[in-house]
Amino acid sequence: MHVKICGLSEPGHVETAVEAGADAIGFVLTRSPRQVTPERAAELAALVPGHVLTVGVFRGEDPAQVRAATLAAGLRAVQLHGHHPHADFTALKDLGLSLVRAVDAEADLRCGAYDEDLLIVDAPRPGSGEPWDWAAVRGRPSGRWLLAGGLDPANVATAIEAARPWGVDVSSGVEVAPGVKDAGLIRDFVAAARGAR
Ligand SMILES: O=C(O)c1ccccc1N[C@@H]1O[C@H](COP(=O)(O)O)[C@@H](O)[C@H]1O
């Protein structure tokens with residue numbers, strides 16, 4: 001089970017996520033209570049070992065803005081939220097980074113349909129912490145895909161059982177307030193996701 005912890009902004013929480021065994025760590029580079037500057041993301045990404053993927057999270061920015069921020073932060077993957085056209089992914093292909101397409105359940109759920117390397121199937125409002133009907137997508141996405149949206153340490157095993165994803169992604173569910181992560185919740189989330197059947 002691939003586990004991504006998203007929206008980190010403090011060095012201690014990055015270290016906690018790495019120690020807990022996260023496979024990917026997301027830095028939000030778009031408007032959000034979790035937004036960090038590319039310079040801050042670069043400082044935080046420097047704490048992440050090579051086996052853990054560092055991801056820049058965007059929503060609504062054009063490819064030129066995404067390119068500039070991702071390169072400034074030195075990240076290894078780009079996550080585009082919303083209904084970006086195929087051309088936006090094509091425009092970023094030459095970066096040689098992993099491309100992640102993050103959409104709601106109404107979108108095309110074939111991983112790779114937009115030349116992306118990884119698909120995230122998320123709630124209609126990304127980063128809101130709102131649970132949704134995870135079981136509704138069971139069997140629909142193809143390829144490597146992460147389930148996101150309203151997951152937390154207490155419900156992630158149920159969500160995995162319901163949707164059968166390749167991995168999971170969380171932001172709000174490991175926080176005590178919007179944008180304020182909690183080390184214990186990060187550890188609990190990784191352990192619960194890994195322990196799920
Ligand atoms: O986390 C954010 O603030 C955010 C903002 C804008 C776009 C995406 C964002 N995060 C992504 O949303 C889901 C997690 O949502 P939740 O808070 O756990 O319900 C995940 O894909 C994050 O990468």
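Where is the place of Arg 164? Arg 164 sits in the loop between helix 5 and strand 8. Helices (H or I, at least four residues) and strands (E, at least two) are DSSP runs, numbered from the N terminus. The model is predicted: local features need pLDDT of at least 70, side-chain atom pairs count only at pLDDT 80 or more, and totals for chains, interfaces and linings use all residues. Residue numbers start from 1 along each chain as its sequence is written.

Eight strands form a closed barrel in the order 1-2-3-4-5-6-7-8, with parallel pairing. The twist from one strand to the next averages 25°. Axes here are lines fitted to C-alpha atoms, for helices over the stretch in contact, and angles run from 0 to 180 degrees between N-to-C directions. Two strands pair if DSSP finds at least two bridges between them. Strand 2 (residues 24-28) and strand 3 (residues 53-59) run parallel and are joined by five bridges. Within this pair, Gly 26 stands opposite Val 55 in strand 3.

Helix 5 (residues 156-163) buries Val 156, Ala 159, Ile 160 and Ala 163. Burial requires 20 or more other C-beta atoms within 10 Å of a residue's own; 12 or fewer means exposed, and values in between mean partly exposed, with C-beta atoms placed from the backbone. Down the axis of helix 5, the buried residues fall within an arc of 100°, so they line one face of the helix. The arc is that of the directions from the helix axis to the C-beta atoms. These residues pack against strand 7 (145-148), strand 8 and helix 6 (183-195). Contact means C-beta atoms, placed from the backbone, within 7 Å.

Just after helix 5, Arg 164 takes a positive phi of about 55°, although it is not a glycine. Arg 164 is partly exposed, with 15 other C-beta atoms within 10 Å. Asp 115, also not a glycine, has a positive phi near 65°. Asp 115 lies in the loop between strand 5 (98-103) and strand 6 (118-121). Asp 115 counts as exposed because it has 12 C-beta neighbours inside 10 Å.

Key:
Contact = placed C-beta atoms within 7 Å.
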